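Open your viewer, show the side chains, and follow along stop by stop.

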Amino acid sequence: PYPLGATYDGTGTNFALYSGVAERVELCLLDDDGSETRIDLPEVDAFVWHGYLPQIAPGQRYGYRVHGPYDPAQGHRCDPSKLLLDPYANAIDGQIDGDPSLYSYTFGDPETRNESDSAAHTMTSVVVNPFFDWGHDRPPGHQYHETILYEAHVKGLTMQHPAVPEELRGTYAGIAHPAVVEHLADLGVTAIELMPVHQFVNDPSLQEKGLSNYWGYNTIGFFAPHNGYSSMTGAGQQV
């Protein structure tokens with residue numbers, strides 16, 4: 001049952017999700033064409049629903065459908081018509097689009113339950129590869145009294161930097177570009193503190209105006225780097 005989330009071990013992936021009230025949990029594997037394969041998680045230990053699937057590799061998009069009590073007054077909103085994100089996902093693909101199916105109630109009548117399927121309008125979790133060869137990289141080892149922190153926004157720091165290639169502006173790779181590193185080093189900076197880079201969503205009110213959430217203070221995945229800052233386009237490539 002542990003660790004929670006999706007854990008790839010080189011030959012397959014273990015999926016583990018906590019729920020204190022669920023009566024049944026379906027793991028949903030999604031293909032690029034939008035098709036969905038549902039598999040019941042077979043084991044439950046200490047309220048953790050889990051199962052191991054061989055040959056499920058990094059890049060696989062997935063979500064959950066949870067069956068159980070629907071009683072908003074008690075804080076229970078189990079609803080298998082809603083495709084849920086894994087709260088421990090290390091990567092998330094896509095964005096929400098504000099469709100009414102994302103909500104468990106009907107707009108204008110919050111007492112009425114909305115059982116429309118949300119899969120086509122929501123984000124999906126992605127299995128990632130936890131193995132990385134750091135090569136000869138080592139922490140710089142600056143003493144704290146010699147540390148100069150620079151708070152920065154991924155887009156704000158790189159979007160209009162003339163020496164950063166256009167395709168890398170506004171991305172994690174843009175921050176790592178030699179021109180940006182040299183600029184910060186010339187300032188005497190020893191460490192960067194990035195403003196929110198975990199996965200966040202765009203508010204429907206902003207989407208209606210053709211705008212997006214710039215600052216990132218609307219987190220939906222605390223363990224996943226924001227996919228909008230990735231210079232790569234494949235599912236999970238932001239990790």
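Which residues do ring pairs link into a cluster? Select Phe15, Tyr62 and Tyr64: ring pairs join these residues into a cluster. Keep in mind as you look around that this is a predicted model.

**Next stop: a stacked pair**

The structure holds 11 aromatic pairs. For one of them, select Tyr88 and Phe223, whose rings are stacked. Their centres are 5.1 Å apart, and there is an angle of 10° between the planes. That angle counts as stacked because the cut-off for stacking is under 30 degrees.

Tyr88 belongs to the loop between β9 (76-77) and β10 (92-93), while Phe223 is in strand β17 (residues 219-225). The pair links distant parts of the chain, with the partners 135 residues apart.

Tyr88 is partly exposed, at 37% relative accessible area. Phe223 is also partly exposed, with 44% relative accessibility.

**Next stop: an edge-to-face pair**

Select Tyr103 and Phe107, an aromatic pair with an edge-to-face arrangement. Here the rings are 4.9 Å centre to centre, with 65° between the planes. Tyr103 is partly exposed, its relative accessible area being 25%. For Phe107, the relative accessible area is 44%, and this residue is partly exposed too.

**Last stop: an arginine over a ring**

Finally, select Tyr70 together with Arg113. What lies over the face of Tyr70? You will find Arg113 there, at 4.0 Å from the ring centre.

Terms used: Residues numbered from 1 in each chain as written. Predicted model: local features only at pLDDT ≥ 70, side-chain atom pairs only at ≥ 80, totals over all residues. Heavy atoms only, no water. Phe/Tyr/Trp six-rings, centres within 6.5 Å; stacked < 30°, edge-to-face > 60°. Helix = DSSP H or I, 4+ residues; strand = E, 2+ residues; numbered from the N terminus. Buried < 20%, exposed > 50% of the residue type's maximum accessible area, 1.4 Å probe, protein only. Lys NZ or Arg CZ within 6 Å of the ring centre and 35° of its normal.
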